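Q: I have this structure open and have not looked at it before. Can you walk me through it?

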Amino acid sequence: MAFKKRRGTDGLPEDQRAALKNLVAQPKFELIPLSSALEKAQALPPGCLVTVTASPSHGLEATIDLACELMALGHDAIPHLSAHMVRDPSHLTALLDRCRECGLHRAFVVGGDAKDRGSAYHDGLSLLRGIHELGSPFTEIGVPSYPEGHPDIADDVLLAALKEKQKIATSMTTQMCFNPSALSAWLTRMRAAGVTLPVHLGVPGVAELTKLMAISARIGVADSARYLKKNKSMVGHLMRGGSFGPDAFLEALAPTLVDRNAQVLALHVFTFNQVANTADWQRRMLNGELTG
């Protein structure tokens, strides 16, 4: 699918503008459980969806604690549960009990970046099954997906795992990607292969381009980052000073947003804890400051 030069949302058909606005209106904001995270969260819009990543250096308890604190502030929090950070079924039971106590009813299940040091759960699929077997407190469970592949896992293995995960999970969130054509083509392939999970579109919030380049190399999407570097039109036009904003990327994906087969239902924004800048981007998008 070829994407034309960005026109701004004023150049989009009405159905595409409406779909884009709906997506931006209720995103999930991702936070990293650092010591300043709760302070940064003060800039979040009232009563929004917030996901909390799993940090190998802080443990899953820190992730769930921050999620509980966000719930107390009136947000709907989603903890990330990383398979490599769960020691055994008793540890998982304790984590699930804590989620129940706080009223956490959504989760995001990943294999995780932490090294597997004897965990009973060696990947996201085994953790999903473990949660299911112990009696899941969650009504919704998201899992990751990789439009540009995974640096350590073959594409056929990723596909097989995703098809197994959809027996338990309720949605899939895409890894960071800057190339709208690549994402659209991947989604078409997934639907043809029998993956039916609704999509939560993973996009960076407002971040410095140099930081995004470094993160992209670390998580294995360097090709996508090079695409961004070569296609300056994809740098968000609401942003200044060498920063990326996802507005241009989302505008280019507008035809996919209205494709019923694509089933893009939500926006998952990687804020890198730059919450105020990302919330300001959202406000400006919704206020119509969109034309390029």
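Q: What do the eight strands form, and in which order do they run?
A: This is a predicted model. In it, eight strands form a closed barrel in the order 1-2-3-4-5-6-7-10, and the pairing is parallel.

Q: How much are neighbouring strands turned against each other?
A: On average by 30°, with direction ignored.

Q: What holds strands of a sheet to each other in general?
A: Strands of a sheet pair through backbone hydrogen bonds, and the pairing can be parallel or antiparallel.

Q: Which helices pack on the sheet? Start with helix 7.
A: Helix 7 covers residues 180-192 and touches strand 5, strand 6 (171-174), strand 7 (199-204) and strand 10. Its direction makes about 155° with that of strand 6.

Q: And helix 5, which strands does that one lie across?
A: Helix 5 (residues 124-134) lies across strand 3 (76-82), strand 4 (106-110) and strand 5 (140-145). It runs at about 145° to strand 4.

Q: Which way do the side chains of strand 1 point?
A: Strand 1 is residues 28-31. Lys28 and Glu30 point one way, Phe29 and Leu31 point the other way, and all of them are buried.

Q: So Glu30 carries a charge in there. What is the nearest side chain of opposite charge, and how far away is it?
A: Lys28, at 7.8 Å. Glu30 is buried yet has no salt bridge.

Q: What is Glu30 in contact with, then?
A: Leaving aside neighbours within four places in sequence, Glu30 is in contact with Thr51, Thr53, His80, His268, Val269, Phe270, Thr271 and Phe272.

Q: Change of topic. How many salt bridges does the count come to?
A: Nine. One of them joins Arg98 and Asp65, with the closest N and O atoms 3.2 Å apart.

Q: Where do Arg98 and Asp65 sit in the chain?
A: Arg98 is in helix 4 (residues 89-102) and Asp65 is in helix 3 (residues 60-72). They are 33 residues apart, and the pair links distant parts of the chain.

Q: How accessible are Arg98 and Asp65?
A: Arg98 counts as partly exposed at 31% relative accessibility. Asp65 is also partly exposed, at 34%.

Q: Which other residue meets Arg98 in a salt bridge?
A: Glu101, at 3.9 Å from N to O. Glu101 and Arg98 are three residues apart in helix 4, so about one helical turn separates them. Glu101 counts as exposed, with 63% relative accessibility.

Q: What does that make of Asp65, Arg98 and Glu101?
A: A network: Asp65, Arg98 and Glu101 are linked by salt bridges.

Q: Which residue does Asp97 form a salt bridge with?
A: Arg100, with the closest N and O atoms 3.0 Å apart. Both lie in helix 4, three residues apart, about one turn of the helix. Asp97 is partly exposed at 35%, and Arg100 is partly exposed at 39%.

Q: Let's finish with helix 3. How many residues does it have, and how far does it reach?
A: Helix 3 has 13 residues and reaches 19 Å from its first C-alpha to its last, close to the 18 Å expected.

Q: Which residues of helix 3 are buried, and what do they pack against?
A: Leu60, Thr63, Ile64, Leu66, Ala67, Cys68 and Leu70 are buried. The buried residues pack against strand 1, helix 2 (37-40), strand 2, strand 3 and helix 4.

Q: And what follows helix 3?
A: Gly74, whose phi is positive, near 100°.

How values were computed. Residues numbered from 1 in each chain as written. Predicted model: local features only at pLDDT ≥ 70, side-chain atom pairs only at ≥ 80, totals over all residues. Heavy atoms only, no water. Buried < 20%, exposed > 50% of the residue type's maximum accessible area, 1.4 Å probe, protein only. Helix = DSSP H or I, 4+ residues; strand = E, 2+ residues; numbered from the N terminus. Pairing = 2+ DSSP bridges. Axes fitted to C-alpha atoms, helices over the stretch in contact; angles between N-to-C directions. Contact = heavy atoms within 4.5 Å. Salt bridge = Lys/Arg side-chain N within 4 Å of Asp/Glu carboxyl O. Lys, Arg positive; Asp, Glu negative; His and termini not counted. Expected span 1.5 Å × (residues − 1).
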